[in-house]
Amino acid sequence: MAERTSPVIELQEVYKVFVSGDKRDPMAFLALKNAEFAVDDGEFLTIVGPSGCGKSTVLNLIAGLMQPTSGRVLFKGREVRRINTEAGYVTQDDNLLQWRTVLKNVEFSLEVRGVDRRERRRRAMDHLEQVGLAGFEKHFLHELSGGMRKRVSIARTLAYEPDVILMDEPFGPLDAQTRLVLQDQLLTLWHSGKQTIIFITHDLVESIVLANRVMVMSCSPGRIKNIYPVPIPHPRDAFHIHEVAGFSDIYERIWEDIREEILAQGRGLKCAVTEKGDE
Amino acid sequence: MNREEQLVEVLKAQELASYRRRLRRRTVLKWGLRFAIVAGFILLWEFGAGTLFDDAFSGSPSQIASALVRLGRSGTLAPNLAQTVIEILAGYSIGVGGGIAVACLFAFSRRFYVIVFPFIQAFYGIPKVALAPILVMWFGLGITPKIIISAVMSFFVVFVNTVMGLNAAREELLRVARVMGASKLQLTRKILFPVALPYTVTAMRVASASAVLGAILGEFVAAQRGIGVVINRASTQLAPNVVFAGVLILTAMTLGLSALLVPLERWISRREPKR
């Protein structure tokens, strides 16, 4: 399906083994088994699957935070060998700096990249406005709601204009309404910027609303089970996705697939919990 | 076993081997460099003494070693060492114990905390060096003033940090526990303590140096026995090697004291992710 000419991201027969446990008696554990997929330029791919099935490992590999045990991870056709600074990385925690104002938080990514003061300010303001936080530049984080903080964190990532944004359950800790608003906003941002986005979530509806394709992963060891194209045209309306033709159909199909995984997990074929721990 | 399973086994073995290799290389490098730094320093000192700098003031490692041996043989080391060790151990335990105890009192009663804290802060501001002569005046040349100074100096480090640690528990967590029915005592014991423990242990490490400092300070002011006396006497006689020998002994004491904390620190570090 995604076999077009030049994907931005490509995993080829990727295996990842983690070593964990005691120094004297380390244990090897297979986190990712024969992962293979490609993501096209400008595509929005979501990843769903039980916790501990290697979803985050996939992102960490693309971000260059770890190396595969075997196989290749390609970014724009080149193998990822060190930290991939062409990507943006957004996690569940907002990872903002408590001691800085909102504006200074957004500027952080630009500071790190050596953008000069005025340009920094201009771009930070610009992106704050894009996420609907104009007027909050001088605020400190404790004065903001969870959703606003998340938007600051997204603005910080967008500010340096990475072509690819990796998002690891970014809306996980937020309440349902806020999530909807942010999903809608993320879709708008994606439409205007056309970045490539890989987005991990536990929320099946979220995965469908956002994605061109939904990738389902399975557990023990982490494998890619299926990839489903979402046959709903863009632009989408996050608030009324349930009413769109084709939604319930794709939802049922993916849910059936994941349900098997969750049941398998429940039967005791449990996943290792070291997804985030090692290295 | 099919092809893929074989591959996975190979990959696992590979990754384990490379992990062990990395671990070994890191260990060798670590100890090698440490050894090199110490050896380099000693060699520079040894061969620099008398050539790069005047050994009448610098002393040299070999002369320090022989000064140590001489101190031991002549019988001056043992009584002085014993005196200082007792001072430090007593001062340290009283200081640490008192610091934790008073901090807990504070944790238990917010009102007490609010009332008394300014006084503690003011007392903290007093330069302890200035207190030493008064204590000698009150308690004489014996062991008591040294223990008090040593205790006071280690007390504050532990106290201040433990108070910080006790305040570090998240309010939300405390609220949840309170609703569960936890009493004040239970909150203190089961939540505040564990949260504060890492702070306290870090402070105990710092306090081990403060305790030694306090004891030596006391000995410098006025004393009949102790490593501080040995050092003081040697410096008036312009005998750098003996001074350094004394310093070496004191350093060993501080390190020994903080080495006692290693098991505790290891136990605490279980809760944190490995780095």
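Visitor: Which strands of chain A does helix α1 (residues 55-62) of chain A lie across?
Guide: Strands β1 (9-20), β2 and β4 of chain A. Helix α1(A) runs at about 115° to β1(A). Bear in mind that this is a predicted model.

Visitor: And what does helix α1 (residues 3-48) of chain B touch?
Guide: That helix packs on the sheet and touches β1, β2 and β4 of chain A. The direction of α1(B) makes about 60° with that of β1(A).

Visitor: OK, the sheet itself. What's the strand order?
Guide: The order is β2-β1-β4-β5 in chain A. The sheet is open, has four strands, and pairs them antiparallel.

Visitor: Which are the edge strands?
Guide: In chain A, β2 (27-39) and β5 (78-79). Each of these two pairs on one side only.

Visitor: How many bridges hold β4 (residues 70-75) of chain A to β5(A)?
Guide: Two, in the antiparallel sense.

Visitor: What stands opposite Leu74(A) there?
Guide: Glu79(A), in β5(A).

Visitor: Back to the two chains. How many residues are in contact between chain B and chain A?
Guide: Nine residues of chain B meet 11 residues of chain A.

Visitor: What classes are on the chain B side?
Guide: Six residues are nonpolar, one is polar and two are charged.

Visitor: Staying with chain B: what are its domains?
Guide: Domain 1 covers 3-48 and domain 2 covers 58-269. Taken over C-alpha atoms, the centres of these two domains of chain B are 36 Å apart.

Visitor: At what angle do α9 (residues 184-221) and α12 (residues 262-269) of chain B pack?
Guide: About 150°, with 11 Å between the axes. The angle is over 145 degrees, so α9(B) is roughly antiparallel to α12(B).

Visitor: Is the crossing of α9(B) past α12(B) left-handed or right-handed?
Guide: Left-handed.

Visitor: Which residues make the contact?
Guide: From α9(B), Leu197(B), Pro198(B) and Val201(B). From α12(B), Leu264(B), Glu265(B) and Ile268(B). By class, the contact of α9(B) with α12(B) has five nonpolar residues, no polar ones and one charged.

Visitor: Now a helix pair in chain A. How do α3 (residues 117-130) and α4 (residues 146-159) of chain A cross?
Guide: At roughly 130°, with the axes coming within 9 Å. That angle makes α3(A) oblique to α4(A). The crossing of α3(A) and α4(A) is right-handed.

Visitor: Which residues meet in α3(A) and α4(A)?
Guide: On α3(A), Arg123(A), Ala124(A), His127(A), Leu128(A) and Gln130(A). They meet Ala155(A), Leu158(A) and Ala159(A) of α4(A). The contact of α3(A) with α4(A) has five nonpolar, two polar and one charged residues.

Visitor: Where is Asn95(A) found?
Guide: In the loop between β6 (87-90) and α2 (102-112) of chain A.

Methods
Residues numbered from 1 in each chain as written. Chains lettered and ligands numbered in written order. Predicted model: local features only at pLDDT ≥ 70, side-chain atom pairs only at ≥ 80, totals over all residues. Domains from an automatic or database assignment. Axes fitted to C-alpha atoms, helices over the stretch in contact; angles between N-to-C directions. Parallel < 35°, antiparallel > 145°, perpendicular 65-115°, else oblique. Left-handed = near helix turned anticlockwise from the far one by under 90°. Contact = placed C-beta atoms within 7 Å. Nonpolar A, V, L, I, M, F, W, Y, C, P; charged D, E, K, R; others polar. Pairing = 2+ DSSP bridges.
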